[in-house]
Amino acid sequence: MKQSLKVAAYARISTDKDDQINSLESQKRYFADYIRSQDGWELTRIYYDEGISGTQTKNRAGFLSMIDAALHGGADLILTKEVCRFARNTVDTLSYTRQLKEAGVGVIFTIDHIDTRDPDGELRLTIMACLAQEESRKTSERVKWGQKRRMEQGIVFGRDLLGYTVQNGILSVNAAEAPIVCAIFHKYTNEGKGAYVIAKELNSQGVQTKRIHRWSHTTVLRILRNEKYAGDLCQKKTVTPDFLTHAKKYNDKQETMICHKDHHEPIISRELWNRTRQELLRRSPKAEQKAKYSGRYWCSGKICCAVCGSRFVSRTKKRKDGTIYRAWRCQEAARHGACKTAADGSRVGCSSHCVSEQALLSCVSYAIALLPTDPETLQKEILKELKQLEQLELSPSHTANTAKIRQELLKLQEKKRKTADLLLEGLLSKEDFQAQTAWYEAKIQELSGCLTAAESDCAHFPSHTPVNDTNQWLPACTDALIQLTDFKNSCMKICQEVLERMDVHADHSITVWLKCIPFGIRLTIRCGGKKENFQTQVIHAAAVPKRML
């Protein structure tokens with residue numbers, strides 16, 4: 001008797017609106033009927049995700065569960081309606097379908113008529129995946145453009161904050177919370193109290209925060225710096241540069257912020273706001289102080305307590321022989337000691353243990369050594385690039401200016417093209433399109449004139465002499481590269497560059513997360529020995545999926 005084919009199905013909707021929920025139910029019914037109508041097919045399970053974008057997979061529990069089950073024999077075939085339902089990221093689509101194919105599991109996209117088991121399946125899938133990703137990019141641009149226009153009209157994007165509620169894009173004063181805001185500004189500016197003291201007083205008085213469990217000095221400072229309390233509105237403080245990852249970053253002049261003065265009802269007076277800004281500026285550390293303490297150690301700000309979630313802070317002591325011993329301790333434990341109940345009934349402190357810096361360095365070095373790196377190939381590639389310098393000629397600064405102008409021209413031409421797309425998609429009126437196009441053409445003409453002048457200046461500068469013979473500096477570079485690529489004996493500088501974060505667990509294990517590596521490495525360690533022969537022994541090492549972060 002022929003063995004039946006175990007078939008799973010996957011459905012996804014990108015929003016949680018009622019009509020989309022109905023769409024999900026219809027998708028599930030469609031797959032159930034489709035699979036039952038096929039001879040020799042056995043429905044194992046219908047996996048689904050609701051209200052989650054398809055541009056990334058880390059938050060799609062249904063999708064990840066399906067892949068895991070299929071790779072472990074839970075399915076021989078997976079059905080989904082379209083490539084865009086499976087994923088809107090070309091890399092994810094090809095990566096997961098290849099993993100499944102290696103495990104003997106095919107994927108059928110019923111509407112797109114693609115079967116990854118066919119000889120040309122991957123070719124057709126690649127084309128459709130690229131189209132799905134491009135559609136996602138255009139949708140992201142349309143949404144951003146629409147949001148920007150609404151921001152310019154004064155519509156508020158965001159959630160409630162202490163003292164205000166946000167409803168239908170309008171900020172309204174919360175009468176119950178507004179006195180707390182006034183008290184914070186008064187304590188800081190009029191009474192001269194610091195953010196730490198204010199946070200401590202609010203905690204002792206039992207004042208409730210908006211979202212977090214307890215008041216901290218950073219929460220207080222965030223309120224003191226928020227222009228909304230003076231009646232102003234400033235949006236686009238953060239941007240989302242990559243539509244695939246949706247990761248937000250502080251807007252460091254990547255985009256223009258949209259600000260409105262006297263936008264809504266203020267909680268504090270303009271005079272108090274101005275005095276608070278001056279006081280914040282007066283108390284802020286000077287530039288030389290910031291340089292002294294910013295990134296002071298190779299792992300500063302990168303060690304997290306897996307017990308309470310706090311950061312680890314450095315603690316040093318001087319031995320009798322004059323040497324310095326450095327260890328790292330949970331900030332919550334350093335402030336309040338072991339976990340206990342405070343007078344107000346809240347839980348403070350942490351029971352996590354200290355860990356020596358040498359042990360941390362050993363763990364990161366061990367994790368780096370596990371990576372599939374080839375130092376010799378890496379050295380050859382870098383030296384190949386360096387040798388090409390012998391053929392290069394140094395150009396005057398005018399060449400850099402010319403390249404910069406060309407880059408600006410390309411950006412303007414791309415923006416002009418996108419404006420035409422918005423007109424075709426009905427998001428821009430004909431009048432607005434004509435006005436915007438005229439502005440871009442004027443700027444392009446202006447920059448073209450600057451480019452002509454810059455190129456004329458470059459023609460009057462003779463080429464400089466080539467760089468010195470590589471035989472003079474190549475041996476030194478080779479020796480330096482050998483040291484830098486010796487990952488088995490990683491120095492602090494290398495560890496600082498590749499380390500993303502470390503989680504210190506209560507069971508004397510440490511999870512190391514390295515940059516650009518899609519998984520963490522959890523190491524169980526044993527430390528011991530005298531200070532002269534201090535050793536960190538790794539007892540067990542295991543990979544941890546990044547989605548468990």
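**Strand pairing, salt bridges and cysteines in the predicted model**

Within strand S3, Leu79 is the bridge partner of Ala9. The model is a predicted one. S3 covers residues 77-80 and pairs with strand S1 in the parallel sense. Three bridges make up this S1-S3 pairing. S1 also runs parallel to strand S2, residues 41-49. Here the two strands are joined by eight bridges. Val7 has its S2 bridge partner in Leu43. S1 itself spans residues 5-12, and six of its eight residues are buried. The strand is therefore largely enclosed by the rest of the structure.

The mean pLDDT is 79, and 79% of the residues reach 70 or more. Over residues 392-397, the pLDDT falls below 50. In the model, this stretch has six contacts beyond near neighbours in sequence. Residues 461-468 also have pLDDT under 50. For residues 461-468, the model shows 11 contacts beyond four places in sequence.

Charged side chains were examined next. Side chains of opposite charge can pair when their charged atoms come close. The structure holds 24 salt bridges. One of them joins Arg137 to Glu134, with the closest N and O atoms 2.4 Å apart. Both residues belong to helix H5, residues 121-152. They are three residues apart in this helix, so about one helical turn separates them. Glu134 has a relative accessibility of 31% and counts as partly exposed.

A second salt bridge connects Asp232 and Arg270, where the closest N and O atoms are 2.7 Å apart. This pair links distant parts of the chain, 38 residues apart. Asp232 sits in the loop between helix H8 (217-224) and strand S8 (233-235). Arg270 belongs to helix H9, residues 270-283. Asp232 is buried, because its relative accessible area is 12%, under the 20% cut-off. Arg270 counts as partly exposed, at 25% relative accessibility.

Glu255 and Lys236 form another salt bridge. Their closest N and O atoms lie 2.8 Å apart. Glu255 is in the loop between strand S10 (249-250) and strand S11 (258-260). Lys236 is in the loop between S8 and strand S9 (238-239). The pair therefore ties together parts that are 19 residues apart in sequence. With a relative accessible area of 30%, Glu255 is partly exposed. Lys236, at 16%, is buried.

Salt bridges also form a network. Its linked residues are Lys187, Glu191, Lys193 and Glu201.

The cysteines were considered last. A disulfide is a covalent bond between the sulfur atoms of two cysteines. The count of disulfides in the model is zero, with a sulfur-sulfur cut-off of 2.5 Å. Cys234 has a relative accessibility of 13% and counts as buried. Cys299 is buried as well, with a relative accessible area of 0%.

Note on methods. Residues numbered from 1 in each chain as written. Predicted model: local features only at pLDDT ≥ 70, side-chain atom pairs only at ≥ 80, totals over all residues. Heavy atoms only, no water. pLDDT = per-residue confidence, 0-100. Contact = heavy atoms within 4.5 Å. Buried < 20%, exposed > 50% of the residue type's maximum accessible area, 1.4 Å probe, protein only. Helix = DSSP H or I, 4+ residues; strand = E, 2+ residues; numbered from the N terminus. Pairing = 2+ DSSP bridges. Salt bridge = Lys/Arg side-chain N within 4 Å of Asp/Glu carboxyl O.
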